[in-house]
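Work through the exercises below with the sequence and the 3D structure at hand. Each task is followed by a solution in steps.

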Protein chains: 2
Amino acid sequence: MKNISCDTLIIGAGSAGLEAYKAANEKGANCILIESGPLGTTSQRSGDIPAAILMAAAKRVRASSNLDAFGLRLIGEREYDTSEVMNALRAVRARGTTEILSVIYKIPESERIIGRARFVDPYCVEIIDQDLNITFKTAVIATGSTPDIPYEIAKLGDILTTNDIFELDTIPKSLAVFGSGAEALQLGQALSYLGSDVTIFSRSNLWHLTDESVIQVAADEFASKVNIAFNSVITAIERENDSYGLYYIDDSNYENYLKVDKVLAVNTRVARTQGLNLRDIGVRLDKRGFIDIDNTTMQSSVNHIFAAGNITDANISTVQSKAQGRFAGMNAATYPLINVMKERVNLKILDADPSLAIVGMSLESMRDRARRGQSFIVAESHTSSGMYRIQRKVNGIVRLYVDEASHEILGSEMCASGAAHLAQFLSLCIEKKMTCEELASYPFYNPTYEQVLSDVAGNASRTLSRKKVI
Amino acid sequence: MKNISCDTLIIGAGSAGLEAYKAANEKGANCILIESGPLGTTSQRSGDIPAAILMAAAKRVRASSNLDAFGLRLIGEREYDTSEVMNALRAVRARGTTEILSVIYKIPESERIIGRARFVDPYCVEIIDQDLNITFKTAVIATGSTPDIPYEIAKLGDILTTNDIFELDTIPKSLAVFGSGAEALQLGQALSYLGSDVTIFSRSNLWHLTDESVIQVAADEFASKVNIAFNSVITAIERENDSYGLYYIDDSNYENYLKVDKVLAVNTRVARTQGLNLRDIGVRLDKRGFIDIDNTTMQSSVNHIFAAGNITDANISTVQSKAQGRFAGMNAATYPLINVMKERVNLKILDADPSLAIVGMSLESMRDRARRGQSFIVAESHTSSGMYRIQRKVNGIVRLYVDEASHEILGSEMCASGAAHLAQFLSLCIEKKMTCEELASYPFYNPTYEQVLSDVAGNASRTLSRKKVI
């Protein structure tokens with residue numbers, strides 16, 4: 001048995017792990033990085049990046065819809081051959097993964113071990129199938145998450161997850177998608193635009209939205225563009241030669257049958273903690289295997305073992321994963337000296353048609369906060385003027401949550417074209433503790449999508465000043 | 001002769017004038033508004049709004065270009081019938097102008113006079129062709145600007161300006177555009193995308209850009225998408241039945257001939273000061289007739305006479321016009337009590353393909369400032385990763401100007417897809433006096449266009465830290 005040692009051991013070479021490695025290294029720690037393929041980070045390989053690439057192609061096809069409103073009439077038929085879309089997607093994706101790999105390959109071989117780690121004790125891991133033990137002072141676990149398929153569905157065989165969908169040669173002729181999250185909505189819509197006959201089986205509380213008014217608009221908007229079966233109960237799925245037969249009871253209690261070529265299951269993800277032996281060394285996990293951490297220090301229940309990225313929560317974004325990774329690496333390197341991470345504004349964006357976004361506090365967290373005595377008001381604007389009218393994208397909604405005492409903007413949920421830009425701008429407003437009055441008088445360029453923020457902030461100001469009068 | 005009087009007289013019912021009326025009214029001034037059609041504000045009728053509507057249609061047509069990169073292949077020919085585009089444009093525009101008119105028509109008839117004003121003395125105007133004199137304590141002049149056509153061109157007849165182009169029934173088969181400003185680039189490109197055979201005669205210092213690197217990228221990008229003849233000298237224009245023949249010497253000294261159906265001249269705009277008799281009452285004008293004002297108070301050289309909007313400068317945006325109008329109206333109402341307007345961050349956006357933007361200080365103003373001893377550094381990023389790669393929009397450039405001493409971000413010029421969003425975000429960064437280090441570590445969502453701001457700010461930080469070491 002070979003024994004090596006290091007200051008900080010990093011397990012996982014994804015978005016979080018690589019950031020942890022870089023940060024620990026910068027702080028002077030002698031590091032070892034353990035990776036166990038497939039390389040290239042989940043984000044780049046099967047996560048938000050390939051999904052965004054697919055959506056970009058889908059939106060190109062879709063861009064030629066609603067032409068009448070612009071006075072444009074297409075002469076003749078329009079049909080797209082989409083047989084090369086998946087290849088084009090992988091070509092773009094390859095540039096991103098290559099960049100990640102070039103970062104990994106710059107790490108000296110002595111500091112980079114390929115294999116699967118298993119904790120022997122809180123200061124030692126063994127590399128499975130290799131005669132190697134590694135002792136360390138501190139560790140960062142960043143092994144991420146992976147799609148989970150319920151047993152009943154999995155046993156049918158050939159069920160697609162986000163691990164497989166981007167590897168397909170062609171776009172399936174018909175597809176059932178199970179899930180209400182980003183992947184289900186984004187991939188379902190993109191493949192539908194690209195010509196697949198898609199049905200999404202979704203709960204009606206879409207994505208992470210908690211604001212009923214936004215959910216209503218989003219549900220209507222998605223349902224007008226792609227088949228969505230909200231709140232259906234699937235009673236049976238059968239394999240029928242090369243296809244699948246689905247029996248389900250829909251929202252109105254009707255029984256339905258659907259035949260599809262492929263099934264994409266993106267309901268849930270599970271933590272990649274199996275085999276790490278974490279419980280035995282005292283690292284606390286939740287029911288689904290995710291590591292409980294202190295979100296300000298990235299420490300697990302075992303103080304010198306840190307965790308970062310999707311291993312702590314499958315729903316955090318790549319940006320958050322990287323921030324956690326950077327912080328975990330830094331703290332692991334300086335341990336027992338621990339820094340507390342500055343809380344950044346929550347920012348979640350779903351890039352679809354239309355896009356969804358949550359910035360700062362969701363309506364649900366505002367309500368929780370109100371129960372502790374901190375009142376707030378809600379302002380609402382519809383995207384009916386300025387650039388929205390010009391682009392004929394007038395079905396969106398932006399809801400703003402403002403503290404009643406300080407008039408500070410605390411959060412927003414929205415469903416609107418260009419939501420990514422509105423959300424990014426609002427995140428800075430929240431970070432800078434702007435009041436709704438300040439935002440209402442902010443000189444937005446005309447015409448832009450961002451002007452709707454000044455509308456909704458103006459509505460908030462008026463609501464607050466009316467309250468004052470009474 | 002009828003004589004009436006008021007506290008504050010407002011001349012012009014455009015973007016600036018209406019804001020001035022509202023602000024003065026709110027401050028309790030007894031106001032009269034003089035308007036002399038066509039109603040609806042220049043911005044809504046022949047300015048940035050109809051231009052943006054035309055560009056929206058043009059981008060729809062253009063969206064189906066560069067399909068190969070997405071793995072999309074169009075089956076069969078694609079051709080658009082664009083005969084209804086101008087009608088669709090006017091239908092959308094009508095909603096905006098109707099909103100403006102509904103504001104105007106809410107003004108009591110006793111406070112709204114239709115006619116052309118002429119100053120009799122600094123406290124009295126007469127309404128031409130009416131038996132009416134109005135005396136006032138203070139006045140706001142907001143009569144805007146109008147396109148100017150050089151005599152040599154005008155005498156050919158039927159030359160288009162922005163006053164006419166949006167009234168056309170159909171898109172001209174071929175078009176020569178004279179100008180380097182927003183209108184020339186935006187309308188020329190839009191009409192070209194919509195099927196017109198367009199040639200833009202432009203100087204190579206495009207629009208308001210002053211940064212040579214950005215100008216270079218922009219010139220290449222525009223030249224790859226629409227015919228632009230940079231720095232050509234037009235030697236003769238002749239009317240040939242229903243068309244025009246142009247002889248010109250191009251950049252490489254070759255003589256050329258071009259036959260076009262229509263000529264759009266958008267080189268210059270002149271102030272609508274003719275007939276107001278301003279010089280006689282002591283209001284100072286510049287050579288082209290624009291009113292010299294103190295930009296912080298909106299006062300002309302005659303203290304109780306204010307001016308706002310395009311009558312002070314044809315290049316200011318609608319947002320600036322409105323802000324000036326609001327302030328002029330307020331100051332006119334409270335005169336001799338005068339407030340100084342808070343300086344807002346300069347923000348200029350040209351919505352084209354790609355878009356151009358200037359935020360905060362231009363490179364030229366940074367250089368002027370440096371001559372007074374305040375050093376700065378320039379950072380540059382190309383739009384090569386993230387959402388830009390995904391959307392295959394990798395030809396853009398963002399240049400950032402940062403104060404060397406404080407590391408504060410002071411300005412930027414750019415040519416990039418989504419520049420409107422980058423510029424709007426940067427304007428808030430500048431307003432909040434963010435340093436390049438703060439912007440570099442700002443957690444942008446992934447993937448978004450806005451991430452390029454963190455790249456360019458990171459480059460600025462590295463340049464500054466290298467400087468420190470030396």
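The model is a predicted one.

**Exercise 1. The two copies**

**Exercise 2. The interface**

Task: Describe the contact between chain B and chain A by residues and by buried area.

Solution. Count residues, taking contact as heavy atoms within 4.5 Å. On this count, 69 residues of chain B are in contact with 69 residues of chain A. Then take the area: the two chains bury about 6,300 Å² between them, and 60% of it lies on carbon and sulfur atoms. Finally, look at single residues of chain B. B:Arg60, B:Arg389 and B:Tyr445 lose the most area to chain A, and together they account for 13% of what that side buries.

**Exercise 3. The parallel sheet of chain A**

Task: Give the strand order of the open sheet of 4 strands in chain A and find its edges.

Solution. The order is S12-S11-S10-S16, with parallel pairing. Strands S12 (227-230) and S16 (262-265) of chain A each have a single partner strand, so one side of each is left without a neighbour in the sheet. From one strand to the next, the twist averages 20°. For one pair in detail, take S10 (residues 174-178) of chain A, which pairs with S16(A) over 4 bridges in the parallel sense. Within this pair, A:Phe178 has A:Ala265 as its bridge partner.

**Exercise 4. A buried strand in chain B**

Task: Decide how many residues of strand S23 of chain B are buried, and name strands that pair with S23(B).

Solution. Buried means under 20% relative accessible area. By that cut-off, 8 of the 8 residues of S23 (residues 409-416) of chain B are buried. Strand S20 (residues 355-360) of chain B pairs with S23(B) in the antiparallel sense over 6 bridges, and B:Ser355 has B:Ala416 as its bridge partner. Strand S22 (residues 397-403) of chain B also pairs with S23(B), in the antiparallel sense over 6 bridges; here the partner of B:Tyr401 is B:Gly411. The hairpin of S22(B) and S23(B) has 5 residues between the strands, and in it B:His407 takes a positive phi near 65°.

**Exercise 5. The nonpolar core**

Task: Identify the residues with the most contacts inside the largest nonpolar core.

Solution. In soluble globular proteins, nonpolar side chains tend to be buried together. The largest core here has 186 residues, and A:Leu439 and B:Leu439 have the most contacts inside it. Leaving out residues up to four places away in sequence, A:Leu439 touches, among others, A:Ile409, A:Phe425, A:Leu426, A:Met434, A:Phe444 and A:Leu453. A:Cys429, A:Ser454 and A:Ala457 are also touched by A:Leu439.

Note on methods:
Residues are numbered from 1 along each chain as its sequence is written. Chains are lettered from A and ligands numbered from 1 in the order in which they are written. This is a predicted model: local features need pLDDT of at least 70, side-chain atom pairs count only at pLDDT 80 or more; totals for chains, interfaces and linings use all residues. Side-chain values use heavy atoms; hydrogens and water are left out. Two strands pair if DSSP finds at least two bridges between them. Helices (H or I, at least four residues) and strands (E, at least two) are DSSP runs, numbered from the N terminus. Axes are lines fitted to C-alpha atoms, for helices over the stretch in contact, and angles run from 0 to 180 degrees between N-to-C directions. A nonpolar core is a set of buried Ala, Val, Leu, Ile, Met, Phe, Trp, Tyr and Cys residues joined through side-chain atoms within 4.5 Å. Buried means under 20% relative accessible area, exposed over 50%, partly exposed in between (1.4 Å probe, protein chains only). Buried area is the accessible area (1.4 Å probe) that two parts lose on being put together, summed over both.
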